[in-house]
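User: I am new to reading protein models. Please take me through this one and tell me what each term rests on.

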Amino acid sequence: MIIVMKTGATKHEKEEVITRIKELGYKPHVIHGTTRDVIGAVGDERKKPVLQQIESMSGVESVVPILKPYKLASKEVKKEKSLLRISPTVSLGGKQLCIMAGPCAVESEKQIMESAIAVKEAGAHMLRGGAYKPRTSPYSFQGMKEKGLKILAKAGKATGLPVVTEVVNPETADLVAEYADVLQIGTRNAQNFELLKKLGKLRKPVLLKRGMSMTIKELLMSAEYIMSEGNHQVILCERGIRTFETATRNTLDLSAIPVLKNETHLPIVVDPSHGTGHVKYVPAMCYAAVAAGADALIVEVHPDPEHATSDGPQSLTPQAFAEMMQKLRLFAEAAGRTI
Ligand code: PEP
Ligand code: MN
């Protein structure tokens with residue numbers, strides 16, 4: 001249910017409503033709007049008519065059911081787009097696009113530092129790099145782990161770029177959160193509900209990738225897992241889905257962008273690297289994603305793709321990334337965005 005407060009409802013009136021929601025066995029989530037606040041009451045679907053009694057409380061305008069299965073993520077609860085602030089200078093969901101770039105995996109201090117300097121120079125706003133790598137084969141490079149987190153954070157600080165890195169299990173989430181500005185949930189973990197709940201308890205933005213076989217609705221339900229624990233800082237990532245097509249690594253579902261924009265207030269990031277799997281297709285998908293309304297891009301860039309420990313074939317060289325960024329400015333302008 002959504003409890004819509006009257007414009008000008010007092011702090012005390014809101015507190016009374018919050019207390020009542022808790023007494024009735026529901027979890028309150030305050031969502032601040034531009035003109036009025038709404039309070040989402042989430043919990044057991046079967047007993048929700050009891051919440052209707054809140055309508056008679058002072059300061060309350062109305063109590064309306066949320067029809068979508070995802071509640072806090074839905075536009076029913078919050079009509080305006082969410083602006084997610086990552087650092088004093090970097091945010092997502094506003095007019096300015098947010099470009100995240102860097103290698104698939106953190107491999108060495110030299111490699112991550114070179115990557116950070118190059119992507120910063122080309123105009124990126126954030127640095128990416130995996131320290132924990134979920135690999136299809138147990139014999140493939142699994143990541144530098146804590147040492148990787150340390151050098152990633154060091155490269156981020158040196159260049160002034162906030163960092164995004166993957167969390168692969170609940171056990172290491174607190175450790176990763178000490179070093180990362182944004183916590184990434186990979187496609188293979190997008191329905192790992194214990195991990196989603198754990199990140200919901202942390203107070204760091206989460207970049208949630210779409211599972212490779214997940215519907216858009218399921219992606220929003222995974223976002224709901226994080227939000228229902230109290231962490232509303234969620235970024236949704238379209239990174240391609242499994243189809244019968246083999247010319248590309250995945251099929252980048254750009255139609256997910258307008259669908260998500262219709263359904264949710266959360267910012268949307270597109271990953272054309274995993275979406276296509278080939279450097280030659282990455283720039284075109286970057287432009288198309290911006291044209292379709294993405295708020296951000298996450299792009300793999302490696303100083304020496306041929307020798308990358310993972311995802312070399314889809315990693316742009318610093319030069320190719322810089323060229324892509326130049327051209328992207330034109331598309332951004334046409335889409336009414338800045339870089
Ligand atoms: C990655 O970002 O390097 C990664 C492993 O992504 P995904 O989970 O989308 O495959
Ligand atoms: Mn990768």
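Analyst: Start with one residue. R242 sits in the loop between β12 (234-238) and α7 (256-263). Helices (H or I, at least four residues) and strands (E, at least two) are DSSP runs, numbered from the N terminus.

User: What kind of model is this, and how are things numbered?

Analyst: This is a predicted model: local features need pLDDT of at least 70, side-chain atom pairs count only at pLDDT 80 or more, and totals for chains, interfaces and linings use all residues. Residues are numbered from 1 along each chain as its sequence is written, chains are lettered from A and ligands numbered from 1 in the order in which they are written, and side-chain values use heavy atoms, with hydrogens and water left out.

User: Why is R242 called exposed?

Analyst: Buried means under 20% relative accessible area, exposed over 50%, and partly exposed in between (1.4 Å probe, protein chains only). R242 has a relative accessible area of 58%, so R242 is exposed.

User: What does R242 touch?

Analyst: Contact means heavy atoms within 4.5 Å. Not counting residues up to four places away in sequence, R242 touches M212, S213 and N250.

User: Is K209 buried or exposed, and how do you know?

Analyst: K209 has 4% relative accessibility, so K209 counts as buried. K209 lies in strand β11. Leaving aside neighbours within four places in sequence, its contacts include Q184, C237, D271 and H274.

User: What makes a residue a donor of the manganese ion (ligand 2)?

Analyst: Donors are N, O and S atoms within 2.8 Å of the metal (3.2 Å for Na, K and Ca); water is not among the atoms, so sites may look incomplete. The protein donors here are C104 (SG), H274 (NE2), E300 (OE) and D311 (OD), lying 2.0 to 2.4 Å from the manganese ion (ligand 2). C104 and E300 link distant parts of the chain, 196 residues apart. C104 is in the loop between β7 (98-102) and α2 (109-121), and E300 is in strand β14 (residues 296-300).

User: Why are C104 and E300 called buried?

Analyst: C104 has a relative accessible area of 3%, so C104 is buried. E300 is at 1% relative accessibility, so E300 counts as buried.

User: How do you know which strands pair in the barrel?

Analyst: Two strands pair if DSSP finds at least two bridges between them. β7 and strand β8 (residues 126-128) have 2 bridges, in the parallel sense. 3 bridges join strand β9 (residues 163-166) to β10, and 3 bridges join β10 to β11. In all, 8 strands close into a barrel in the order β7-β8-β9-β10-β11-β12-β13-β14, with parallel pairing.

User: What makes the crossover from β10 to β11 right-handed?

Analyst: A crossover is right-handed if, with the strands pointing away from the viewer, the path from the first strand over the helix to the second runs clockwise. The chain crosses from β10 through α5 to β11, and this β-α-β crossover is right-handed. β9, helix α4 (residues 173-179) and β10 also make a right-handed β-α-β unit.

User: Why do the buried residues of α9 line one face of the helix?

Analyst: The buried residues of helix α9 (residues 282-292) are V282, C286, Y287, A289 and V290. Seen down the axis of α9, they fall within an arc of 160 degrees, so they line one face. The arc is that of the directions from the helix axis to the C-beta atoms. These residues pack against α7, β13 (268-270), α8 (272-276), β14 and α10.
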